[in-house]
Amino acid sequence: MVQSTDLSQGRSGGAAADPASGAATFTGNRGLQIEEPLIFELGQSGRTGVDLPEPKVKDRLSGLRRAGEIGLPGLSEPQVVQHYTRLSQKNYGIDMGVYPLGSCTMKHNPRLNEKLARLLGLGDLHPFQPMSTVQGALELIDQLAHWLKTLTGMPAVAMSPAAGAHGETCGMMTISAALEAKGERARRKIVLEPESAHGTNPATAASLGLSVRPIPANGSGRVDLAALKAALGPDVAAIMLTNPNTCGLFESEMIEIAQAVHDAGAYFYCDGANFNAFMGRVRPGDLGIDCMHINLHKTFSTPHGGGGPGAGPVVLSQALAPYAPYPWIVNEGGKWRIVEEGARIEAAPIGRLRAFHGQMGMFVRALGYMMSHGIDGLKQASEDAVLSANYVLASLKDLITPSFGGPCMHEALFDDHFLRDTGITTLDFAKAMIDEGFHPMTMYFPLVVHGALLIEPTESQAKEDLDRFIAALRSLAERARSGRHVADFKAAPRFAPRHRLDEVHAARKPVLRWRPSNTFKQAAE
Ligand SMILES: Cc1ncc(COP(=O)(O)O)c(C=O)c1O
């Protein structure tokens, strides 16, 4: 929480301004944009929304009994409902419009899947239930595993990783275990990381005690194959390559890369978080990879966050399947069972990565997405995602400079050349999008592109909505280049409930706790 003195500086209207001037309102509200205090500032001591009976036993706590107020806000039920409803209206979400955050795949979360996840018997499961009472749930996880293996052309899948980065940890641990089994772990400590890999890839390698060796990109934004071959050697454990890469481009030399990596005795980790760009069209298993994580919250439409951990299953090649972590599901004589431990450590040398079996709610939603689309629908979803991104690219490229020539995959990447000599930065441009009613695109990522603007429209948006988005961006680009609106860009967002906050101050001196105003002032000084 940013302290309220900062917030009042950032207010659009502000009760402090004089309403007689016409520039402000008496309330500080602007139409339906309601100024909202903290719940503590709204609350009053002694007010409550519930009527609890007097406790029968009075002095159960004896000396431990609380002596004074604990300072919780007191509000009636309507006040609580109104407060949170007003706060929710300040949020921009995928249910409001185009959400072009590149690399994040903010696609529609189908309501059917939400309904399925809440079905009695799925929503209320407990991981300690006897196996006989969860047969359907186990079959569902197995079905999802089957779809993932079929779509990727890989023979095994570890279902339990809790997110993409956790899947990377899982995959790299299986690679380490396979090297250990060959007696090569001590000597193979290097992981090759192309420049266009997602940031979590080198972070994962480093967190497992491996050393990262960067591989440069060629002129077309893809892995430089010659440089990769030169970097391979007996000390290399693996390559971690993101495909499509963070520039939104398909790595077209996958088969050659796989061949070279395997010839050097190393493993091929593919970051498949962007599988939404080619599911149904290409099976990663056919490209020679050894393992790949899949972000269910990107490709298979499960909510980001979603009220709990996500899911980042990892598909494994035949060579790595024996090193998969616990648990896995088997069917014996028509009965489903979770295998969680074995008599021999070799059965699963990396053990297990987390408590229980994975995020059931996400499994249900992802399988709902797959089954309601069918294999032809999934193929169409990835084709539509690529079509949308190329439509955006083609519609903007005369005004906003694309970083690379040719078509893109699921996201369109631009750099800030078009803003040169305007005094306007990528940040100013993105903030001005908020005034036009859009969530900004991803800014300054990937790092290999100067002032990057990365747009991922996904397959969810109707053409008319994309057209409105494109028209707004074109208008902003024209205004930026005209040189007449610099002040507006610098002040953006001008129409949001808050302007630009002092992010450095908020990061360096965060005020994470509300205090009554007198002590609050002291803390802020
Ligand atoms: C290409 C890529 N790799 C890895 C990740 C990490 O996934 P997560 O945020 O689920 O850990 C992401 C996240 O969006 C990603 O886009």
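**Sheet, hairpin and ligand site in a predicted model**

User: In what order do the strands of the open sheet of 3 strands stand?

Analyst: The open sheet of 3 strands has antiparallel pairing, where two strands pair if DSSP finds at least two bridges between them. Strands (E, at least two residues) and helices (H or I, at least four) are DSSP runs numbered from the N terminus. The edge strands, each pairing on one side only, are β10 (412-414) and β11 (442-443). The order is β10-β12-β11.

User: Which residue of β12 stands opposite phenylalanine 414?

Analyst: β10 pairs with β12 (residues 453-455) in the antiparallel sense over 3 bridges. Opposite phenylalanine 414 stands leucine 453.

User: What angle does the direction of helix α11 make with that of β10?

Analyst: Helix α11 (residues 360-396) packs on the sheet and touches β10 and β12, contact meaning heavy atoms within 4.5 Å. Axes are lines fitted to C-alpha atoms, for helices over the stretch in contact, and angles run from 0 to 180 degrees between N-to-C directions. The angle is about 30°.

User: Which residue in the turn of the β8 and β9 hairpin has a positive phi?

Analyst: β8 (residues 328-332) and β9 (residues 335-339) pair in the antiparallel sense over 5 bridges, with asparagine 331 opposite tryptophan 336. The hairpin has 2 residues between its strands. The residue with a positive phi, of about 60°, is glycine 333.

User: What share of the ligand's accessible area does the protein cover?

Analyst: Polar contacts (pairs of N or O atoms within 3.5 Å; within protein, one must be able to donate a hydrogen and the other to accept it, and residues adjacent in sequence count only if both atoms are side-chain atoms) give a starting point. A polar side-chain atom of lysine 298 lies 2.7 Å from an oxygen atom of the ligand, and a backbone N or O atom of alanine 165 lies 2.8 Å from one. Of the 390 Å² of accessible area that the ligand has on its own (Shrake-Rupley method, 1.4 Å probe), the protein covers 83%.

User: Which helix supplies the largest share of the shell around the ligand?

Analyst: α6 (164-181) and α10 (296-299) each supply at least two residues of the shell. The largest share, 3 residues, comes from α6.

Notes
Residues are numbered from 1 along each chain as its sequence is written. This is a predicted model: local features need pLDDT of at least 70, side-chain atom pairs count only at pLDDT 80 or more; totals for chains, interfaces and linings use all residues. Side-chain values use heavy atoms; hydrogens and water are left out.
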